[in-house]
Amino acid sequence: MVAQTPQKGRAAPPPPPAAHVSKLDYQAAQKAIPKLERLGKDVTRSLITIGFGALIFTCVNVTRFAIQHEIPGWVAWMLDPMASLALLTVLYVDGALTEQGGYKASGWPLVLRWFAGLATWTMNCWQSLFPDGHVSLVPHHADPGGILLHSVAPVLLIALAEASSGYRAYLTKRLAHWRGVVNAYEAQQHRAEEDKARRQREDAEREHAAQREREEREYNARLERERLAAQREEAERQRRAEIEAKREEAAIEAERRRAENEEAERVRRAEIEAAREQAAIERERAKIEADRKAREAEIERQRLEEQARLEAEAKDREATRQAEIIRANAEAKALEEKAQAEARALEEKAQAEARQLEEAERAKRQAALERAAKREARRLADASESGRRPASISGGRTSESASQSGGALLAVASENGGRVPRDVRKQQREEAERYVAKCVLNKEEPDTDALAKRYGKGETWIGDRIRAAHRRLAEEPGFEDSVIAEALALLDSPADTSAA
């Protein structure tokens, strides 16, 4: 038996088993069923393995994303497991239900699947999409390598789950086909055994009838021999009677009548015995027919009971599913309303805190700029006396020293085989963040290309330094004063005087 070739993109329905199933087909089905069942389990194991691998891989980026958005670290790690496990659950359940046949994901399952997948992918790739912190519809400074790196695990998980649904549907149809072949072969063997038993019973009945006929023929022959013997005896008696006279005729007549009565009795007994044997045969046939009908009635009763049980279980599952859907919709609506209320409260709180931080930062920056302006005024007064050229708070010797330091750090990296030591990386971050802070205080845009070239880093690293400089200016006490003091010290250094 040759299985039908499935059409491209969808599983072909299994062909119905033929009227006669050969032993080769039965053996092929016995080999195919465990192989297909094992293949289905392997698909499920692969989905779960890749799902947990994606969960572990994406957990770090999503946790950092949550922490950068002011989520406490002790609870930020829960965000990615919730989203990834929700995605893994809906993908696994969709595949398992598709395996049962007649199911297609829609409604809330579809919304949950796409939301969980897109949320996991977006949070994982956020840092690579918007490394400079400016969110727009089309990212302008995206990191393609980072996007590809962080997209592999979620896309593999979603693609494997979608493919596993098709695999399971096709495996289910093939399993149903091969199980139908096994059932047909077993039913065929059962019918062959019943036919063999029936033929044996018929042969036994024919043999029994032939035996009875032989016994009847022997009995009739014996009766005929006895009759002939009686006739011979009768002839002898007649001959003797003719010799002995008429006195014995009465006795001979009585003996003849007695022999006839015995013959009639024997015939009657033979007929009664034949009738009894015929009745026994009819009773045996009736018993066999009654047993056959009883077995058929028992099989039909079991089939009807199984059908009724399956229909009752299907109705119970449908009622349970409808109740769960209603309860889930109600809970989802309540959670949505609660989440909206909490989101509005958090948004109002965040706006108020942002305004306060902005006002505090503006006041702090204004005070620092006023101090810098006073020092700059004194510096300009001294410079006018000595004829020196004024320098910017973020330029001059600061850029020159940073360039020299960056070259030295790169030289250290090249001496270590391309691997930058930890203290050197720390020094690079500190210098780059102080340079960005000076540019921010002086209301200038930092030269990101020059920074990238100076330290040999990418846009992601530069974006991290810019955000770190803004955060340190807003949160780290004394950082802004130290940056201003360093800039003013560089302005007052002898190198500046000699350069002027």
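Reply: Start with a caution. This is a predicted model. Then look at the overall make-up.

Me: How many helices and strands does the chain have?

Reply: Count the elements. The chain has 12 helices and 0 strands. Read from the N terminus, the order is α-α-α-α-α-α-α-α-α-α-α-α.

Me: What share of the 500 residues is buried?

Reply: Buried residues account for 26% of the chain's 500 residues.

Me: Which residues does the "transmembrane region" annotation cover?

Reply: Treat an annotation as a record, then check the model. The unreviewed UniProt entry puts a "transmembrane region" at residues 47-67. In the model, that stretch is 100% helix and 0% strand. Its end C-alpha atoms are 29 Å apart.

Me: Now a single residue. Is threonine 63 buried or exposed?

Reply: Find its element, then its accessibility, then its contacts. Threonine 63 sits in helix H1, residues 23-68. It counts as buried because its relative accessible area is 13%, and the cut-off for buried is under 20%. Leaving out residues up to four places away in sequence, threonine 63 touches Ala76 and Trp77. Its C-alpha atom is 9.1 Å from that of asparagine 124, which is 61 residues away along the chain.

Me: Where is leucine 88 found, and what is it in contact with?

Reply: Leucine 88 belongs to helix H3, residues 79-100. Leucine 88 is buried, at 11% relative accessible area. Beyond its neighbours within four places in sequence, it contacts Leu47, Gly51, Phe52 and Leu157.

Me: Alanine 116 and asparagine 124 have come up. Which residues of H4 are buried?

Reply: Both of those are on the list for H4. Others include Arg113, Gly117, Thr120, Cys125 and Leu129. Methionine 123 is buried too. Helix H4, residues 108-129, bends by about 35 degrees at methionine 123.

Me: How do I describe two helices that pack together?

Reply: Two packed helices are described by the angle between their axes and by the distance between those axes. The crossing is right-handed. Among the residues making this contact are Arg429, Glu433 and Val436 of H8 and Trp461, Arg465 and Ile466 of H10. By class, the contact has 10 nonpolar, 2 polar and 5 charged residues.

Me: At what angle do H9 and H10 cross?

Reply: Helix H9 covers residues 448-455, and helix H10 covers residues 459-475. Their axes come within 10 Å and cross at roughly 115 degrees. This crossing is right-handed. H9 contributes Thr448, Leu451, Ala452 and Tyr455, and H10 contributes Trp461, Ile462 and Ile466. The contact has 6 nonpolar residues, 1 polar and no charged.

Technical notes:
Residues numbered from 1 in each chain as written. Predicted model: local features only at pLDDT ≥ 70, side-chain atom pairs only at ≥ 80, totals over all residues. Heavy atoms only, no water. UniProt positions renumbered as here; feature names shortened; annotations may be inferred. Helix = DSSP H or I, 4+ residues; strand = E, 2+ residues; numbered from the N terminus. Buried < 20%, exposed > 50% of the residue type's maximum accessible area, 1.4 Å probe, protein only. Contact = heavy atoms within 4.5 Å. Axes fitted to C-alpha atoms, helices over the stretch in contact; angles between N-to-C directions. Left-handed = near helix turned anticlockwise from the far one by under 90°. Nonpolar A, V, L, I, M, F, W, Y, C, P; charged D, E, K, R; others polar. Bend = angle between axes of the 7 residues up to and from the residue.
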